[in-house]
Amino acid sequence: MRIPAHSVCTAIRDDIVAGVYERGSRLTEELLARRYGVSRVPVREALRTLEAEGFVVTRRHAGACVAEPTEQEAADLLEMRMLLEPLGASRAAQRRTEAHLKVLRGLVRLGQERARRGNSEDLRSLGSWFHETLAQASGSPALASMLTQLRHKIAWMYAVDAPANPVESWAEHGAIVDAVARGDGERARAVTALHTERSTIAHRLRFAGAGDRPERVRNSQHPVNMPSLRH
């Protein structure tokens, strides 16, 4: 069975974000093909996609390597998110479906319940799911794709502290959904802008400066079994 290139791409991207492949380390087609149990063809296609996304660069005499973004490039990503997240919320207020609202309200209920109980273990994944759904509700596949890519790259470059007040953070999620449900695009944009600005404070850069180019590859944080990869 031929493994789709997008599945290989997802596996490599996830491992880059998780730090399995460190910044500047080489990514040889042979090693990757062996690691993920595929031929070199889908690996080659995946590397091209990851280069277009900014996770990989091609260097003379070295081939494909994990990119080494600068502090300014990392800061630009947060600024882009602060512009695009509110735009997505505003669009969602006009284009959301009842299915989107049902999922968003369910996530807010779960998030608020866990925040009140002081159970922060699931809050990060619930928050990611919330913002992913909100982006999809914008009705713009291009915008949703761009926001997803931004989240991946931000997760790669930044460690994120838990909110100082998770109850307040999830109250903001609830206010966003209320505005989206009413079709109030301006309110949705304003509340999301405030929420995104506050959450940005919790981001801490994982690196300082360009740094060296380590060759070490850590053990994968999850078993790579191609048939079970996310699609």
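Author: Start with the fold. The protein has nine helices and four strands. Here helices (H or I, at least four residues) and strands (E, at least two) are DSSP runs, numbered from the N terminus. Read from the N terminus, the order of elements is α-α-α-β-β-α-α-α-α-β-α-α-β.

Some ground rules. This is a predicted model, where local features need pLDDT of at least 70, side-chain atom pairs count only at pLDDT 80 or more, and totals for chains, interfaces and linings use all residues. Residues are numbered from 1 along each chain as its sequence is written, and side-chain values use heavy atoms, with hydrogens and water left out.

Next, the overall numbers. The protein has 231 residues, and 45% of them count as buried. Buried means under 20% relative accessible area, exposed means over 50%, and partly exposed is in between (1.4 Å probe, protein chains only). Now contacts, meaning heavy atoms within 4.5 Å. Among contacts with a separation of 6 or more, 78% join residues 24 or more positions apart.

Now your question. The structure holds 13 salt bridges. The criterion is a side-chain nitrogen of Lys or Arg within 4 Å of a carboxyl oxygen of Asp or Glu.

Take R117 and E113. Their closest N and O atoms are 3.4 Å apart. Both sit in helix α5 (residues 98-117), four residues apart, so about one helical turn separates them. R117 is exposed, because its relative accessibility is 66%. E113 has 29%, which means partly exposed.

Next, R151 and E132. Here the N to O distance is 2.9 Å. This pair links distant parts of the chain, 19 residues apart: R151 belongs to helix α7 (residues 141-157), and E132 to helix α6 (residues 123-136). R151 has a relative accessible area of 17%, so it is buried. E132 stands at 25% and counts as partly exposed.

Then E172 and R198. Their closest N and O atoms are 2.4 Å apart. This pair, too, joins distant parts of the chain: E172 lies in helix α8 (residues 166-182) and R198 in helix α9 (residues 185-200), 26 residues apart. E172 is buried, because its relative accessibility is 11%. R198 is partly exposed at 40%.

Now the network. Salt bridges link E29, R40 and R44. Look at the helices around it. Two packed helices are described by the angle between their axes and the distance between the axes. The axes of α2 (residues 29-36) and α3 (residues 40-53) come within 9 Å and cross at roughly 115 degrees. That makes α2 roughly perpendicular to α3. Axes are lines fitted to C-alpha atoms, for helices over the stretch in contact, and angles run from 0 to 180 degrees between N-to-C directions. Under 35 degrees counts as roughly parallel, over 145 as roughly antiparallel, 65 to 115 as roughly perpendicular, and the rest as oblique. The crossing of α2 and α3 is right-handed. From α2, the contact uses E29, E30, L32 and A33; from α3 it uses R40, V43, R44 and L47.

T192 is buried at 0% relative accessible area. Leaving out residues up to four places away in sequence, T192 touches E85, P86, A89 and I176. Helix α5 contains G106. G106 is buried, with 17% relative accessible area. From G106 to F130 is 24 residues in sequence and 9.4 Å in space, C-alpha to C-alpha.

One backbone check. Most residues other than glycine have a negative phi. H61 is not a glycine, yet has a positive phi of about 70 degrees. H61 lies in the loop between β1 (56-59) and β2 (63-66). H61 counts as exposed, at 78% relative accessibility.

Notes. Left-handed = near helix turned anticlockwise from the far one by under 90°.
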